[in-house]
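This report describes one protein chain, from its overall make-up to selected residues. The sequence and structure are shown first.

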Amino acid sequence: MAAAETEVVSPLIVDTAPDTSCAAATSVAAAVAAAAAGNRSQAQVSKAALAAKLMSLSGVFAVHKPKGPTSAELLNRLKEKLLAEAGMPSPEWNKRQKKTLKIGHGGTLDSAAQGVLVVGIGRGTKMLTSMLSGSKRYIAIGELGKATDTLDSTGKITEEKPYDKITQEDIEGILQKFTGNIMQVPPLYSALKKDGQRLSTLMKRGGAVEPRPARLVTVHSVSLLKFQPPFFTLDVECGGGFYIRSLVNDIGKELSSCASVLELTRTKQGPFTLEEHALREDRWTIDDIAQSLEHCTCLMPEELASKKSKSEKTSDQVLSCEYVALRETKREDDAIKAL
């Protein structure tokens, strides 16, 4: 009988197991789907919050420009990274929707140069004009005995002269001539414009470009840091509109030789320094820039800081962004219930 009872009971257990397993599987699937929907909704809310935060950024900060890209190319790269982080569509789409992210730079750096590039975002773009006339500081490495059409290492060699008799004392002795308010002729390859086009663009096209007349510029200080012929290193602090390439070229002429810029680094622009304030590309994030804007507000002159725009983010904007994400979540929850 024991064996018979076992035979009777055993099928009952086998029959009920599939029903329990199916219910459990359905429950697990629903839970997994709900969790996935929750994760998607959280991601949507997070992206919406980032987008709102990005569009609310306003002020001036600094980035580190490496050698290679132009200032404009670097700015486009920065803008693309920020839009991608916020999950926003292409700049073209945003422009059509009148949601353009305003961003600009104050003070072009040559593509071969590196260092501090001041950037304005939001209403901070209106503050950039003041940065153009502010004090700047550079470390420049010049090369004696070689002149180029661009006045730096990127150009074609136009002249070569001996430099073997030039001493450190010779260079230090003439630097006083290039200090204070002096007259300087801008390079032909420059961002200055003629008939709406940059002189550098006209030169590259082979067009005839007349040299610009000498103009008054200011050099606050210039000192020789190192001299290893044919190379010499200068530390220069100057005002707006000053060209280091022209300075090095003029120093070469003053020494009865010629010279061009081998390397150029901008270490300071206005209150922004390369070591303390310039964000490298790995820190081009919405949060890092927001923190930098907050920190840099105290660096700006009082009259500019007082004009700094308050945050443009409103509770309505945030609620609107969150509503879109939550509405998507509701639709997904409804779909799960239907299953």
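## Ser-256 and the overall fold

Ser-256 counts as exposed, at 62% relative accessibility; exposed means over 50% relative accessible area, buried under 20%, and partly exposed in between (1.4 Å probe, protein chains only). The place of this serine is in the loop between H7 and S12. Although Ser-256 is not a glycine, its phi is positive, at about 60 degrees.

The model is predicted: local features need pLDDT of at least 70, side-chain atom pairs count only at pLDDT 80 or more, and totals for chains, interfaces and linings use all residues. Residues are numbered from 1 along each chain as its sequence is written, and side-chain values use heavy atoms, with hydrogens and water left out.

The chain contains ten helices and 14 strands, taken as DSSP runs numbered from the N terminus (helices: H or I, at least four residues; strands: E, at least two). Of its 339 residues, 40% count as buried. The accessible surface of the chain comes to about 18900 Å², and 54% of that belongs to carbon and sulfur atoms; the areas come from the Shrake-Rupley method with a 1.4 Å probe. Among contacts (heavy atoms within 4.5 Å) with a separation of 6 or more, 72% join residues 24 or more positions apart.

## Nonpolar cores

In soluble globular proteins, nonpolar side chains tend to be buried together. A nonpolar core is here a set of buried Ala, Val, Leu, Ile, Met, Phe, Trp, Tyr and Cys residues joined through side-chain atoms within 4.5 Å. The largest such core has 29 residues, and those with the most contacts inside it are Ile-171, Phe-232, Leu-234, Val-236, Phe-242, Ile-244 and Ile-251. Two or more residues each are given to this core by strand S4 (136-144), helix H5 (168-174), strand S10 (215-228), strand S11 (231-238), helix H7 (244-254) and strand S12 (259-269). S10 provides the largest share, five residues. Apart from this core lies another, of 24 residues, among them Val-63, Leu-101, Val-119 and Trp-284.

Neighbours within four places in sequence aside, Phe-242 is in contact with Ile-182, Gln-184, Val-217, Thr-218, Val-219, Val-236 and Leu-247.

## Selected residues

His-64 lies in strand S1 (residues 59-65) and counts as buried because its relative accessibility is 10%. Beyond its neighbours within four places in sequence, His-64 is in contact with Leu-74, Gln-114, Gly-115, Leu-274, Ala-278, Leu-279, Arg-280 and Trp-284. The side chains of His-64 and Arg-280 also make a polar contact, at 3.5 Å. A polar contact is a pair of N or O atoms within 3.5 Å; within protein, one must be able to donate a hydrogen and the other to accept it, and residues adjacent in sequence count only if both atoms are side-chain atoms.

Asn-181 is placed in strand S7 (residues 180-184) and is exposed, with a relative accessible area of 57%. Outside the four places in sequence on either side, Asn-181 is in contact with Leu-216, Val-217 and Thr-218. Its side chain makes a polar contact with the side chain of Thr-218 (2.8 Å).

Thr-285 is in the loop between strand S14 (278-279) and helix H8 (286-296) and is partly exposed, with a relative accessible area of 24%. Setting aside neighbours within four places in sequence, Thr-285 is in contact with Leu-82 and Glu-85.

| Pair | Sequence separation | C-alpha to C-alpha distance |
|---|---|---|
| Asn-181 and Leu-216 | 35 residues | 6.5 Å |
| Thr-285 and Leu-82 | 203 residues | 6.4 Å |

## Backbone geometry and cysteines

A cis peptide bond, with omega about 10 degrees, joins Pro-229 and Pro-230. Pro-230 lies in the loop between S10 and S11. Leu-151, in the loop between strand S5 (146-148) and strand S6 (157-160), has a positive phi of about 70 degrees although it is not a glycine. Leu-151 is buried, with a relative accessible area of 13%.

A disulfide is a covalent bond between the sulfur atoms of two cysteines. The structure holds zero disulfides, a disulfide being counted when a pair of cysteine sulfur atoms lies within 2.5 Å. Cys-258 is buried, with a relative accessible area of 3%, and Cys-296 counts as buried at 1% relative accessibility.
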